[in-house]
Every structure is written in C-alpha cells, then in structure tokens.
Amino acid sequence: MLKIDLMNNKNIWDSFVTKAPFYTFFHSWAWGDFSSNTGEQVLRYGIFEANKLIGAAQIIKVYAKRGTYLFCPHGPIFTAGKRGYWNFFLKFLKELGTTEKVDFVRVSPVLEDLKKNQDYFKKARFINAPIHMSAENSWMLDLSDKKEENLLSQMRKTTRYEIKKAQKLGFEVIKSVAPKDLKIFLNLYHHTVGRTNFVPFSDKYITGEFLTFVKDNCAMLFLEKHHKKFVAALMVIFFGKGAYYHQGASQPRFKETVSYLAQWEAILEAKKRGCSYYNFWGIAPTDNKKHP
C-alpha cells in the first residue's frame with residue numbers, strides 16, 4: 001500500500017536523496033529553501049510503502065509568463081524504478097495540479113535511459129517540454145580514483161598543458177565562502193554576459209543561491225587571478241557525493257585560456273570532500289554546433 005505525505009525533516013530528506021543511485025542538488029533541501037526565498041511555493045513529499053520511505057518528490061509551484069505550473073526538478077527520487085511507484089506519483093501529481101489550479105505539471109527526472117522511458121511518459125499523457133529548465137546534457141568526471149596524478153594523466157594533453165602553464169605564469173586560485181567575494185564573481189559574470197550574449201541569471205538569484213548553500217558549507221567560490229587582476233570565477237555546489245559547477249564567469253587576458261586552473265582546484269576540493277564525481281553541468285551535444 002503506497003501513500004504520500006508532506007515531509008518537514010531536512011536531515012531525513014537529504015539522507016534519503018543522497019542514498020539514491022543518482023541525484024543532483026536540485027532535489028536537496030537547500031534548493032527548496034532557495035526556491036522558497038525567490039517567492040515560489042515549495043512542497044516536499046515523501047512516498048511510503050508499508051510505512052517505509054521509498055520516494056521523495058520536491059515540487060515547486062512556478063509562476064511564469066507561460067503559465068503557472070508544478071515542477072519536480074530532477075525528480076522524483078525512488079529507491080527502485082518500479083512502474084507502480086511512478087504510476088502512483090504521476091496520478092498524485094496530476095490531482096495536485098488540479099487542486100492547485102495550475103496550467104500544467106512538469107517533471108524532469110534523471111533517468112539512465114531516457115529514450116527507453118519516453119513511451120511510458122507518452123502513455124501517461126506527458127509531452128516533451130518546449131524549453132529546458134536546466135542543462136539538457138551534462139559532462140561528468142569520475143573521481144573514484146583517489147590518486148591526483150592519475151586523474152591528471154587521464155585528461156587531454158591540452159588540459160594538462162593549460163593547468164601547468166597557468167601555474168608557471170603565476171596564476172593563482174583563491175577559494176572562498178565569504179559573501180563579500182560575490183562582488184568579484186558578479187563583476188566577472190557581467191563581463192561574460194557582455195562578451196557572449198547569453199541570458200544571465202540576476203545578481204539577486206546568484207547571490208541567493210550562494211547564500212543558501214554556503215550556510216551548510218555546500219557552496220564555494222573559486223576565484224582565479226593573475227597578479228592583482230581576477231580573470232575567472234566558479235561557483236561550485238557540493239551535495240552528497242557530487243560536486244556541481246553551476247555558475248561560471250571569465251575575462252580572458254593575454255590570449256590565455258583562463259579557468260583551467262580554477263576548474264582543477266575545484267576538482268581537487270571535490271576529491272578532498274570525498275565526492276565521487278564532478279559535474280561540469282551544461283554542455284552542448286557534439287552533433288549540434290548551433291546548440292544555444
């Protein structure tokens with residue numbers, strides 16, 4: 001017998017999510033807090049079988065120009081991919097959408113084989129979303145090998161060269177959890193936006209994300225500088241066994257390719273924290289050179 005109830009215990013929630021085979025920080029308690037701070041309604045549901053927690057679904061009520069909707073980012077998380085669990089949850093989500101009077105409901109589960117599962121979602125009357133809420137494709141680096149030199153040797157020759165060159169030229173990386181250093185990040189971020197014309201997050205959004213996760217020691221800035229000039233910055237989120245390069249910025253100088261050293265320091269920090277993988281987040285598919 002399956003049932004679903006609201007959950008209010010952060011420790012139980014995060015402990016359950018991080019025991020799953022795969023997850024991201026989008027289903028962390030902190031991401032729910034951050035979303036709530038931006039004015040969205042957050043509902044955290046536990047799914048139980050015989051009073052045992054077998055699923056978690058963080059549902060966010062989003063108010064957007066295209067309509068109000070319920071969104072379950074990178075979820076729900078289940079102990080096993082049983083169709084019965086999914087049937088139960090999707091039925092509940094549709095009923096909740098009716099109760100909340102939203103225009104539609106949306107899920108973006110992290111599945112090992114999405115194509116294999118597409119028929120199931122079609123039969124459940126879901127359609128492919130017209131736009132992506134987050135990275136469609138991610139690049140992940142396996143950190144299970146504990147030896148630093150082995151990890152470096154497995155990288156491209158160009159990558160190893162750029163890291164060593166940056167060190168030789170006097171580039172350095174400052175690791176920071178200080179909110180005041182967000183000014184450095186945001187200044188570089190504005191330069192990046194002006195140079196590449198991508199649609200940016202607001203300063204308020206980035207600041208809120210950092211402040212929410214840094215409270216639990218789950219966020220860190222990696223600020224790369226050459227002499228007194230900052231040239232690159234990363235914001236990395238740590239959750240469970242994963243490290244996520246979620247925000248980045250750079251300002252190239254001297255025709256150097258910057259951020260290699262900052263990325264390397266972030267990877268080393270991830271290893272230090274016992275992470276199993278480093279997620280570079282969004283990348284373009286290799287077969288689509290015009291991917292936005």
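Gln263 touches Leu234, Tyr245, Tyr278 and Phe280, leaving aside residues up to four places away in sequence; a contact here means heavy atoms within 4.5 Å. This glutamine sits in helix 9 (residues 260–272), where helices (H or I, at least four residues) and strands (E, at least two) are DSSP runs numbered from the N terminus. With 11% relative accessibility, Gln263 counts as buried; buried means under 20% relative accessible area, exposed over 50%, and partly exposed in between (1.4 Å probe, protein chains only).

The model is a predicted one, in which local features need pLDDT of at least 70 and side-chain atom pairs count only at pLDDT 80 or more, while totals for chains, interfaces and linings use all residues. Residues are numbered from 1 along each chain as its sequence is written, and side-chain values use heavy atoms, with hydrogens and water left out.

Stepping back to the whole chain, the protein has nine helices and 12 strands. Its radius of gyration is 20 Å, close to the 19 Å that the globule rule gives for 292 residues, so the chain is as compact as a globular protein of that length. This radius is taken over C-alpha atoms, and the rule is 2.2 Å times the number of residues to the power 0.38. The C-alpha trace spans about 65 × 40 × 40 Å along its principal axes. Of the 292 residues, 47% count as buried. Among contacts with a separation of 6 or more, 68% are between residues 24 or more positions apart.

The interior can be explored through its nonpolar cores, each a set of buried Ala, Val, Leu, Ile, Met, Phe, Trp, Tyr and Cys residues joined through side-chain atoms within 4.5 Å. The largest has 43 residues, and those with the most contacts inside it are Val17, Tyr23, Phe25, Phe185, Phe213, Met235 and Tyr244. Helix 7 (residues 182–196) gives the largest share of this core, six residues. Another core, of 28 residues, lies apart from it and includes Met155, Val173, Val258 and Ala262. As for Val17, its contacts are Tyr23, His27, Ala56, Ile77 and Phe239, not counting residues up to four places away in sequence.

After helix 2 comes Gly39, whose phi is positive, near 100°.

Gly75 and Pro76 are joined by a cis peptide bond, with omega about 5°, and Pro76 is found in the loop between strand 4 (67–73) and strand 5 (77–78). Lys101, a residue other than glycine, has a positive phi near 55°. This lysine belongs to the loop between helix 3 (83–99) and strand 6 (104–108), and is exposed, with a relative accessible area of 74%. His227 also is not a glycine, yet its phi is positive at about 60°. The loop between strand 9 (219–226) and strand 10 (229–239) contains His227, which is exposed at 56% relative accessible area.
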